[in-house]
Amino acid sequence: MIYLDYNASAPLHEAAYEAMQPFLGERSANASSLHRLGREARDAVEQAREYVGALMGAGSPENVFFTSGGTESDVWALRGVFEQKSNTERNSLLVSTVEHPAVLDTAAYLSKHGVDVQYIEVDSTGCLYRLPVTKKTRLVSVMAANNETGNLYNLKSMALWAQREGALIHTDAVQALGKIPVNVNQWGVDFCSVSAHKIGGPQGVGALYVHPDTSIGPLITGGGQERGHRSGTLNVAGIVGFGAVAKAIAGKIDERSRRMAALRDRLESQILTALKTVHVLGDLEHRLPNTTLLTVPGIKGEAIVLEMDAVGVAISTGAACSSGSGEPSSVLTAMRLANPKIQGAIRFSVGVENTEEEMDQAANAFIQCVERLLTVAGQIENV
Ligand code: PLP
């Protein structure tokens, strides 16, 4: 199988697999226990916190709190801010219309509970129009990189805009981590969500960076783990795996980025040269190095995914989380694209482990598959 669906989930990195083994077996213990095994588990978690914090540019590891994944981190940032002491002067949440459902659905939830939710519109390439922050804005949430188009957003300037009006800013950097440099301190954000499985860590682990001067209420209450910020017995093996992959890729982001871009460009250029009806969606100047979102108007993305799967290439129709739901992509809908473009969207997302041969084979398979499907569609139209 040629795996080109890294934005959905990256295969488990060898370093993560190896580091996790003892904690799934003889060294598994509760990181809150006082005995030796418990203390060792706690030490391993703290070591992982350092590695993950360093990969995010978090300053002190104490600013990093482990969660069950990117979704929980996003939900926690939004609800954690608005469910603390109410602030009637600042009761507005500003989110972009291309956020992940973890943010958009939480915004809808908060709106039902009295929060004034404002949306930042995007143009047809997914670029933000403007950031309408006001003195009423309590929190801005804009992602660092979009999971479908791969579009990158300028966090540094958005953080400045937000702070100028006294608002807090959260970013979902789930897709950015490991693909482009992530530095929460340089960006100047208050909260940042990341997820282990998008960088080769295990599924079901994530983290939220919280700026030390910012307070946030807990989402999950209980035994008081994570210094009272996030209760629940720690997923030691998962956290250790997250830490191991963070350590393994730290210092290599630029090199990884260049390799991914070279692979993606090789794949993309072969497809675009052969298929004149295929277009790339999104902001071509500012996008993740590993992502290309193509559209084949007139053909259903699902049909292409299934045909490609049959010949051993794993790709996606767009957001893996919403594909299969039958719903059109909310990101492409927000970009106000015509329906055939939305229906025909196909996402390739490559990883550093992919090879040039795989790009050539995948491009070839895609070209043949699309030509076949276009011929069939043409025949049906003529009947
Ligand atoms: N945010 C973005 C941008 C994502 O792409 C995803 C997953 O696809 C998530 C959040 C959710 O992360 P997780 O799968 O760890 O819950």
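## The ligand

An oxygen atom of the ligand sits 2.7 Å from an N or O atom in the side chain of Ser 195. The model is predicted: local features need pLDDT of at least 70 and side-chain atom pairs count only at pLDDT 80 or more, while totals for chains, interfaces and linings use all residues. Residues are numbered from 1 along each chain as its sequence is written, and side-chain values use heavy atoms, with hydrogens and water left out.

Thr 71 has a side-chain N or O atom 2.6 Å from a ligand oxygen atom. For Lys 198, a polar side-chain atom lies 2.6 Å from an oxygen atom of the ligand. Taken alone, the ligand exposes 390 Å², and the protein buries 89% of that area (Shrake-Rupley method, 1.4 Å probe). A polar contact is a pair of N or O atoms within 3.5 Å.

There are 14 residues around the ligand (a heavy atom within 4 Å of it). Gly 70, Thr 71, Asp 172, Ser 195 and Lys 198 come nearest. Helix H3 gives the most to this shell, with three residues.

## The sheet

Seven strands form an open sheet with mixed pairing, in the order E2-E8-E7-E6-E5-E3-E4. Strand E2 (64-67) and strand E4 (116-120) are the edge strands, and each of them pairs on one side only. On average, neighbouring strands of this sheet are turned by 20 degrees against each other, direction ignored. Helices (H or I, at least four residues) and strands (E, at least two) are DSSP runs numbered from the N terminus, and two strands pair if DSSP finds at least two bridges between them.

Strand E3 (residues 92-96) and strand E5 (residues 137-141) run parallel and are joined by four bridges. Leu 93 has Leu 139 in E5 as its bridge partner. E5 is also joined to E6 by three bridges, and these two strands run parallel. Here Ser 141 has His 170 in E6 as its bridge partner. E6 is mostly covered, with four of its five residues buried (buried: under 20% relative accessible area; exposed: over 50%; partly exposed: in between; 1.4 Å probe, protein chains only).

Axes are lines fitted to C-alpha atoms, for helices over the stretch in contact (heavy atoms within 4.5 Å), with angles from 0 to 180 degrees between N-to-C directions.

Arg 49 is found in helix H2 (residues 36-56). This residue is buried, with a relative accessible area of 4%. Leaving aside neighbours within four places in sequence, Arg 49 is in contact with Arg 42, Pro 61, Val 64, Phe 65, Phe 66 and Glu 226.

Glu 226 is found in the loop between E8 and helix H7 (236-249). Although Glu 226 is not a glycine, its phi is positive, at about 50 degrees. Glu 226 is buried, with a relative accessible area of 4%. Arg 227 lies in the loop between E8 and H7, and has a positive phi of about 50 degrees although it is not a glycine. Arg 227 is partly exposed, with a relative accessible area of 48%.

How values were computed: Polar contact = N/O pair within 3.5 Å; in protein donor to acceptor, adjacent residues only side chain to side chain.
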